[in-house]
Every structure is written in structure tokens, then in C-alpha cells.
Amino acid sequence: MTGMNENPLDLLPEVVLAASAVVGLLLGAWLPRRRQWLIGALAVVACTAGIVAAAIAAANPVETAFGESFAVDTLMATSRIIILGATLLVLALALPRLHADPRETEFYVLLQLASAGALMMAGAQDLLLLAAGYLLASVPAYALAGFRKDGPGTEAALKYYVVGALLGVLMLAGITVLLAAGRATSYPVLRTELAEAPAGLVAAGTLALLAGLLFKAGGVPGHFWVPDAVQGSPAAVAAFLTTIPKIGALVAFYRLAVVPLTDVDLPWADLVAVLSVASMTLGNLAAFFQQDVKRLLAYSTISQVGYLLLPVAVAGRTDLDQEALLYYLAAYALTNLGAFAVVCALPDAHTIDDYRGLARTHPALLASLVVCLLGLVGTPPTAVFLGKLEAFTAAFDGGYAWLAVVAAVNTVASLFYYLRWIAPAFLARGPVADRGVTSRSAAVVAHGAATGSVVLGLLGGIVLDVLGGPLAR
């Protein structure tokens with residue numbers, strides 16, 4: 001291990017976010033209920049400052065912080081911007097509805113802590129730090145899932161917690177096995193040691209470790225919690241659960257693939273390819289006949305994990321893997337949050353039929369919904385189209401042409417259930433659509449996310465050029 005570099009400025013976005021959570025918790029104990037929106041404003045400032053700090057740090061040379069345990073590279077800089085930007089959008093969805101809520105402060109604090117955990121997972125270059133990030137991203141999220149304290153929320157939190165605790169323990173067991181096999185927890189050291197360790201020991205540890213990451217990503221086989229947790233949670237929390245932890249987990253998965261596992265003589269890439277097919281196929285098939293819109297988006301997010309695993313499966317086999325993953329993550333975050341913003345804007349519309357007549361009552365909101373849903377399919381010129389194109393190209397270039405073909409077939413199949421949601425909006429007016437938009441801020445987020453998805457797609461060539469920087473190893 002190199003000499004310790006204990007400069008907290010290397011972790012400035014994470015430090016600012018964590019400090020904001022701590023300060024907000026203390027202030028919330030003294031502020032009157034109607035002034036607790038200031039804690040949300042503080043969270044907005046912290047996320048904005050973190051994005052600025054991450055953008056500035058992206059111009060610096062690649063380095064590691066605190067020895068080699070935390071990476072400060074292009075992968076981490078982009079992850080910071082995506083995670084903090086997504087957190088800002090979730091805050092915008094939640095702030096108006098939480099005003100004067102008895103537990104308003106707790107929501108903002110939990111959200112910031114969970115986002116900080118996702119950031120730590122994305123930058124971890126040590127198995128122990130990865131485990132700490134996993135726990136930090138998980139425990140506050142359990143509380144957020146049951147934030148409403150009603151029946152569906154309690155069920156959502158319980159199922160989320162039980163699956164998370166089980167796979168979390170399995171992940172810690174995997175870390176213990178890899179420590180025994182590689183005699184270290186640092187990724188650069190493990191890269192050398194695991195290549196010479198007993199294959200059975202490495203395989204067992206890797207499988208257990210990946211179980212925890214797939215739980216956070218919401219992919220098969222750690223996907224069981226997703227439909228119930230998303231349906232039972234408040235819409236803003238559901239948007240968070242299906243976006244931000246997924247980003248941290250998939251970036252952590254990719255970093256594991258290109259550093260400690262790159263020289264291991266195991267068919268881990270084939271396993272990832274199988275998991276990719278299972279996630280996209282199961283998610284799409286289960287979403288076909290869903291009536292509840294949040295449950296439909298829950299299965300949609302499982303299928304999206306399958307597409308996002310394509311660059312991970314070919315990690316280190318092509319020059320397109322990193323930029324494909326990062327661009328797709330940014331595109332997915334914008335588009336998925338935009339779809340959930342429409343759900344937040346119409347809180348009384350729970351099923352597909354409740355969106356009848358939306359074309360006549362709220363045409364602008366419908367336009368945003370159409371852009372986001374067709375964007376999730378991968379329709380040009382949205383950003384997800386280019387993200388999928390890059391992921392498919394990376395799979396072809398990395399020797400997994402069959403995986404790209406399966407993903408393309410699944411993409412076409414997914415169009416069916418998204419159109420099932422859009423079609424009723426053009427029929428006669430329904431009673432729910434006539435009630436109007438309850439949350440104007442959510443409608444603004446929906447319009448902004450839909451516009452951002454199109455703009456990011458049109459500027460894709462410029463963005464992709466800056467996403468292929470070197471990785472800390």
C-alpha cells in the first residue's frame with residue numbers, strides 16, 4: 001500500500017453531504033415545524049456544492065485517497081455528478097409535499113445519508129469501505145421506505161429490510177472469504193493475490209459479494225423487494241430507491257470487475273451476462289400486465305438493470321465499457337426520475353386507467369410522460385437510446401454479440417407495456433385526470449427531466465468524449 005493520503009478535500013462532495021445531514025439533524029431539533037424547510041434548502045445547497053466540487057475535481061489527475069481505499073477518477077467524478085444531481089431532483093419532488101410535516105427534517109437527513117452511502121460505494125477501492133458504503137446506503141433507505149407509517153409503507157420497509165439484511169450478511173461473508181483468499185481487502189492488492197488463490201474460494205466469495213450489490217441495484221436474484229417496496233413507498237421515495245442506490249451499486253460492480261477480478265481465472269463475465277438476461281427478461285415479462293403505475297415502473301427498473309449490466313459483463317474487454325455505463329446511468333437517472341415526477345404530480349392516479357383523458361386536461365404533462373416512457377424503451381433522440389446503443393456496441397465489441405441481440409429483443413418487447421400506459425391518456429376523460437395537477441413542482445421536474453433527456457441525447461457525442469478517462473487501479 002502507498003503512503004496514506006489523508007486529505008479530506010479529496011472527499012469534499014461526500015464530506016459536504018454528510019456534514020449537511022448532521023447539521024440538519026441538529027437544527028431540526030430546534031427549528032419550529034414550519035421552518036424545517038430550511039433543512040431541505042440546506043440539503044439542496046450541499047448537493048449543488050458537491051456537484052461543483054466534483055466537476056472541479058474531474059479536471060485533476062487520477063489519484064486515490066486514504067491510501068488506495070478510495071478512488072478519485074473519471075468514474076467517480078461522473079458518479080458524483082449523477083448521484084448528487086438525482087438527489088436534487090428527488091428533493092424537488094419531496095420538498096412541497098413535506099412542508100410542515102412532523103418528520104420533515106428526518107426525511108432530508110435520511111435522504112442525504114443514503115446518497116452519501118451510494119457515493120461511498122461508487123468510489124470504494126477496498127472491500128471494507130464497500131461494506132460500510134453498503135450499510136450507509138441501506139439503513140436510511142429502509143426508514144425512507146416506511147416513512148408514511150401506513151400499512152403499505154410498513155410492508156414495503158419490512159420486505160426491503162428482510163431481503164437487504166439477508167443479502168447484506170451474505171455480502172459480508174463473501175468479503176470475509178475474499179479476505180481469506182487474497183489476504184487483503186485493497187483492490188490493487190487483491191488483483192494480484194486473487195489470481196493465485198484457490199479458484200473455489202474466490203468463486204464462493206465473489207458470488208456472495210455480488211449478491212449484495214445486485215440487491216442494491218435491484219437486479220436478479222436480489223430483486224424480490226423492488227415491486228412491493230416501490231408500490232408501498234411514497235412516490236418520491238420510490239423514485240429514490242429505483243435510481244440512486246442503483247448507480248452506486250453498478251459503479252461498484254464495474255470497479256470490482258476491472259480491478260480485483262480482471263485477472264481471476266473464472267467465468268464471471270458469463271455469469272454477469274446470464275444475470276443481465278435474467279433481469280431484463282423477468283422485468284419485462286412481469287411488467288406486461290401490471291395495472292398499478294408504480295409497480296409497472298418497479299418491474300421496468302429491474303429490466304433496466306439487465307441493460308446496464310451489459311457494459312459490466314464486458315468490463316476490461318473493450319474501450320467502450322466505461323463510457324457506455326456512465327452515459328447510460330446518467331440517461332437512466334434523468335428519464336426514470338422524470339417518469340416518477342409525473343406520478344408525483346398526479347398522486348390520485350394509481351392505475352393505468354386513471355390516466356384516461358390526460359391528453360386533454362394536461363397535455364404538457366402527458367408529453368413529458370411520453371418522452372420519459374419511450375425514452376426508457378430507447379427511442380431517439382432521448383439519451384437512453386444512445387445509452388443502449390453504446391451498451392449494445394460495447395457488448396458486440398467485447399465478444400458478447402448474443403447478449404446484445406437478446407437485449408435488443410427485450411427492448412422491442414418492452415414497448416408493449418409502456419404503450420399500455422400511454423394509450424388511455426388519449427381516450428375520453430377520466431375522473432382522476434380531471435382533478436388537476438396536485439404538485440406543480442413535480443410537474444416542473446417532469447418537464448425538466450424530459451427536456452434534459454432529449455438534450456443529453458442530442459449532446460451525446462460531446463458527453464461521451466469526456467467519460468472515457470483513466471481508472472484508478
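**Helix α18 and the overall architecture of the predicted model**

Helix α18, formed by residues 401–422, has 22 residues and reaches 32 Å from its first C-alpha to its last, close to the 32 Å expected at 1.5 Å a residue. The structure is a predicted model. The buried residues of α18 are L403, A404, A407, N410, T411, S414, Y417, Y418, W421 and I422. The cover over these buried residues includes α12 (268–287), α13 (293–313) and α14 (321–345), together with α16 (363–377) and α17 (383–397).

One of the covering helices, α14, contains Y332. With a relative accessibility of 0%, below the 20% limit, Y332 counts as buried. Leaving aside residues up to four places away in sequence, Y332 touches T242, T243, K246, T301, Q304, L337, L376 and V384. Y332 and G375 are 43 residues apart in sequence, and their C-alpha atoms are 8.6 Å apart in space.

At the level of the whole chain, the protein has 20 helices and two strands. Its radius of gyration is 21 Å, close to the 23 Å that the globule rule gives for 473 residues, so the chain is as compact as a globular protein of that length. Taken along the principal axes, the C-alpha atoms fill a box of roughly 65 × 55 × 40 Å. Of the 473 residues, 60% count as buried. Among contacts with a separation of 6 or more, 82% are between residues 24 or more positions apart.

The protein chain exposes about 16,900 Å², and carbon and sulfur atoms supply 68% of this area.

Just after α3, A100 takes a positive phi of about 70 degrees.

Positive phi values also occur in two loops. F66 is located in the loop between β1 (63–65) and β2 (70–72). Phi of F66 is near 50 degrees, a positive value in a residue other than glycine. The relative accessibility of F66 is 29%, and F66 therefore counts as partly exposed. K149 is placed in the loop between α5 (127–145) and α6 (151–182). Although K149 is not a glycine, its phi is positive, at about 60 degrees. K149 has a relative accessibility of 61% and so counts as exposed.

The bond from V220 to P221 is cis, with omega near 5 degrees, and P221 is found in the loop between α8 (199–217) and α9 (226–232). The bond from P380 to P381 is also cis, with omega near 5 degrees. P381 lies in the loop between α16 and α17, two helices that are among those covering the buried residues of α18.

Key
Residues are numbered from 1 along each chain as its sequence is written. This is a predicted model: local features need pLDDT of at least 70, side-chain atom pairs count only at pLDDT 80 or more; totals for chains, interfaces and linings use all residues. Side-chain values use heavy atoms; hydrogens and water are left out. Helices (H or I, at least four residues) and strands (E, at least two) are DSSP runs, numbered from the N terminus. The radius of gyration is taken over C-alpha atoms; the globule rule is 2.2 Å times the number of residues to the power 0.38. Buried means under 20% relative accessible area, exposed over 50%, partly exposed in between (1.4 Å probe, protein chains only). Contact means heavy atoms within 4.5 Å. Accessible areas come from the Shrake-Rupley method with a 1.4 Å probe; for residues, only the protein chains shown count as cover. The expected span of a helix is 1.5 Å times one less than its number of residues.
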